[in-house]
Amino acid sequence: MSVIEQLVSGLGMPNFVILIPEIVLLITAFTVFILELITKNRKVISAVSILGLLGSGLFILVVVLGILKLILSPITLKEASQNVFYSFILNNFLENFVTLYGLYVVDLFALVFKLFLIVGTIFVLIHLRPYVESKKSYYGEYYYLILFSLVGMFIMVSSPNLISFYIGLELMSIALYVLIGLYRRDYKSKEGAYKYLIIGGTGTAIVSYAIALLYGRTGTFDFKEIAKTLIISDNLDVGLIGGLVLLLIGLALKASAVPFHHWAPDAYEGATTPVTAFLAVPAKIATYAIILRIVVEAFPSVTETWGLAWALFAAASMILGNFVALRQKNVKRMLAYSSIAHTGYITAALAAPTGMGFAALAFYSIVYLFMGAGAFLLLSSLEKNEGWSNSLDDFKGLAKREPASALIMLVFMFSLLGIPPTVGFIGKLGVFLALIGYEVWWLAIVLVITSIVSAGYYIKVVANMYMYEPTVKNRLNISLTEKLSLGILAVIVLILGVYPTQIWTLTTTISSLLMAGVGR
């Protein structure tokens, strides 16, 4: 037996069953890559991409429902083992869900976030082709780059280890650099891509140094082993503090938290708007997920310190994001600063390192997908029309020109503002209650005040749509498919606002299991 064979036999065979969603996405991405070379049929490329996402998402959905059934219902292990489906779930996702030699974990936390990342990406792809064709900026590369970036996000949320986290982060980021700059003959696109490349590269270097310092101090890359080392040593020396600070800065930069947000507005404004939606929502949700995993699994002994640091980032993001958004005349750029403010709302939950706080972060991250992506994708549908520049004046009289689109935009604006009965209100309420429960009063007050301030620009969009006469009388060209997808997003925002119980129970469950370290 050769040395390689001995090594492989000693390590064992990875569990590839739990990697089926990632494998499906990779096959889809390479299939689209080949199709882009041999066919000019754009509908085929788009359809194959969406079908691959649907296949991967359907598998994850079935597995998530199976896990929840086993966890939340009184099914005994004996009964589960006698059922083919439950036995499959039990053997692969509840007993053997760490694979690739400890570098990859497919727990319920990762599966739930992956499912919603797929949902967000499907909506982006639905709007992508009509937009880029209208702008004469179609490239087949859009599709497989988005899929590769999504695989990077999957790796991030499934990372129990600094090495796999770094690989996922880079795969996601490199694809995003290219996606931002693909807008043909557009200077702002190239400027935004360049800024994101430079600042993102800086963030990568910072994370690399952080990993080096943490490994040098603890002797391991594994989150759980790092936590054990910190608990045993109970000594924060210069090397460890340096690693923690650099990792914190790197994560804050990727989340576009103030003061590391400077790349975001230009990148968001310069990219094609469906790509902006992908950058502002799925990419950020993956970042929030890995931040939560790192806080819970790697640094439970310093959550107070990390909580204070994230509280300061959150407060700065809420204040600057909202006040700068007030001054914007371009709605797309306004939503970019709004996204920075929502980074503050979401990461504020880390200042309350409790089950309630972590559940609130997961809940807000997931529901932000529907209202954040919805707002950007509605802009992309409107932008297709000649003369539409996303200025506030363009929205004047929209309720008369396009009543359905105006109503949908109203729902998204009210949800981002946090007005009941939209789900945005429930998201902010969850974070607020977590902060109050942990007695972080000052940050809760900042959240409330900045939410009131945000009414100044969200309501301005609504007022322009409903209280002014249209400056241009012609109807806007928005396809039925786009209207249906936007309508679905708006309905989800309203349904989850009225009945958030299921999603809140789900996020409470995954945060509780993450804190308990089930299966690891």
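This is a predicted model: local features need pLDDT of at least 70, side-chain atom pairs count only at pLDDT 80 or more; totals for chains, interfaces and linings use all residues.

Trainee: How many salt bridges does the structure hold?
Mentor: The count is 14.

Trainee: Pick one. What does R293 pair with?
Mentor: R293 forms a salt bridge with D107, and their closest N and O atoms are 3.0 Å apart. R293 sits in helix α14 (residues 282-298), while D107 is in the loop between β2 (104-105) and α6 (108-134), so this pair ties together parts that are 186 residues apart in sequence.

Trainee: Buried or exposed, those two?
Mentor: R293 is buried, and D107 is buried as well.

Trainee: What about E133, which residue does it bridge to?
Mentor: E133 forms a salt bridge with R129, with 3.4 Å between the closest N and O atoms. Both residues lie in helix α6, 4 residues apart, which is about one turn of the helix.

Trainee: And how does E133 count, buried, partly exposed or exposed?
Mentor: E133 has a relative accessibility of 30%, so it counts as partly exposed. The buried class ends under 20% and the exposed class starts over 50%.

Trainee: Next one. How far apart are R333 and E269, N to O?
Mentor: The N to O distance is 2.7 Å, and the side chains of R333 and E269 meet there in a salt bridge. R333 belongs to helix α16 (residues 331-347) and E269 to helix α12 (residues 263-270), so the pair ties together parts that are 64 residues apart in sequence.

Trainee: Why do R333 and E269 get the label buried?
Mentor: The cut-off for buried is under 20% relative accessible area. R333 is buried because its relative accessible area is 17%. E269 is buried because its value is 18%.

Trainee: Which residues are linked with R333 and E269 in a network?
Mentor: E191, K195 and D266 are linked with R333 and E269 in a network of salt bridges.

Trainee: Which helix gives the largest share?
Mentor: Helix α3 (residues 42-72) does, contributing 4 residues to the nonpolar patch. V62 is in helix α3.

Trainee: And what is the relative accessible area of V62?
Mentor: V62 comes out at 38%, so it is partly exposed. A residue needs over 30% relative accessible area to be in a patch, and V62 at 38% is one of those in this patch.

Note on methods: Residues are numbered from 1 along each chain as its sequence is written. Side-chain values use heavy atoms; hydrogens and water are left out. A salt bridge is a side-chain nitrogen of Lys or Arg within 4 Å of a carboxyl oxygen of Asp or Glu. Helices (H or I, at least four residues) and strands (E, at least two) are DSSP runs, numbered from the N terminus. Buried means under 20% relative accessible area, exposed over 50%, partly exposed in between (1.4 Å probe, protein chains only). Patches are made of residues with over 30% relative accessible area and no salt bridge: like charges are joined within 9 Å, nonpolar side chains (Val, Leu, Ile, Met, Phe, Trp, Tyr) within 5 Å. Accessible areas come from the Shrake-Rupley method with a 1.4 Å probe; for residues, only the protein chains shown count as cover.
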